[in-house]
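Please look over this model with me. My notes follow as numbered points.

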Amino acid sequence: MQKNLYFIIILFCLSSCYTYQVKKQADPATANNEELKKGGAPTNMSSAQMKTAESLNPNAQQAPAPINIQERLAPNKNVKINVDGKTYKVIVDKWESDSLVVHPVHQPKKILKFHKNQINAEKIGEKRFSQPIADIITVTVYAGIAVGIWSLLR
């Protein structure tokens with residue numbers, strides 16, 4: 001019993017509530033169609049523009065807007081990027097023309113440079129706090145404390 005308790009405590013010390021989450025790009029065509037289905041008009045289109053867009057082809061989807069990598073990879077951001085099939089957890093230092101200068105998360109002296117065409121823009125994950133993971137850890141710790149108190153009182 002004691003070995004399992006130590007193992008669980010060590011496991012929770014090593015776990016983190018922070019995860020790398022990829023932002024999903026909003027598709028403007030989908031957003032406009034959803035607003036039309038609800039009966040409301042999109043705020044950025046006049047009624048004449050809506051009629052023109054509907055008459056052209058209501059089922060046609062627009063091409064997704066290009067992702068601006070330089071805006072998403074701003075200095076001092078902690079991100080997970082995919083470069084030529086390899087995944088890196090890095091902190092962005094700066095942009096030098098079309099090259100991204102970064103250093104690995106736990107190695108500030110090591111400098112890496114990547115051209116913006118090498119970086120997969122769809123798989124850029126930003127480090128964010130994950131509330132569900134934090135809730136799971138909290139509930140499990142409370143349950144462990146309750147079991148510990150129960151075993152001491154027994």
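1. The side chain of E126 makes a polar contact with the side chain of K77, at 3.4 Å. Its side chain also makes a polar contact with that of R128, at 3.0 Å. Keep in mind that this is a predicted model.

2. Where does E126 sit? Its place is in strand β6. E126 has 8% relative accessibility, so it counts as buried, because buried means under 20%.

3. Which residues does E126 touch, leaving out those up to four places away in sequence? They are T19, Y20, Q21, K23, R72, K77, N78 and V79.

4. Now the rings. The structure holds two aromatic pairs. Y18 and F129 form an edge-to-face pair, with 5.5 Å centre to centre and 75 degrees between the planes. Y18 lies in strand β1 (residues 18-22) and F129 in strand β6 (residues 125-129), so this pair ties together parts 111 residues apart in sequence.

5. Y88 is in strand β3 (residues 86-96) and F114 in strand β5 (residues 112-115); the two are 26 residues apart.

6. Check the accessibility of Y88 and F114. Y88 is partly exposed, with a relative accessible area of 24%. F114, at 8%, counts as buried.

How values were computed: Residues are numbered from 1 along each chain as its sequence is written. This is a predicted model: local features need pLDDT of at least 70, side-chain atom pairs count only at pLDDT 80 or more; totals for chains, interfaces and linings use all residues. Side-chain values use heavy atoms; hydrogens and water are left out. Rings of Phe, Tyr and Trp (its six-membered ring) pair if their centres lie within 6.5 Å; planes under 30 degrees apart count as stacked, over 60 as edge-to-face and the rest as tilted. Helices (H or I, at least four residues) and strands (E, at least two) are DSSP runs, numbered from the N terminus. Buried means under 20% relative accessible area, exposed over 50%, partly exposed in between (1.4 Å probe, protein chains only). A polar contact is a pair of N or O atoms within 3.5 Å; within protein, one must be able to donate a hydrogen and the other to accept it, and residues adjacent in sequence count only if both atoms are side-chain atoms. Contact means heavy atoms within 4.5 Å.
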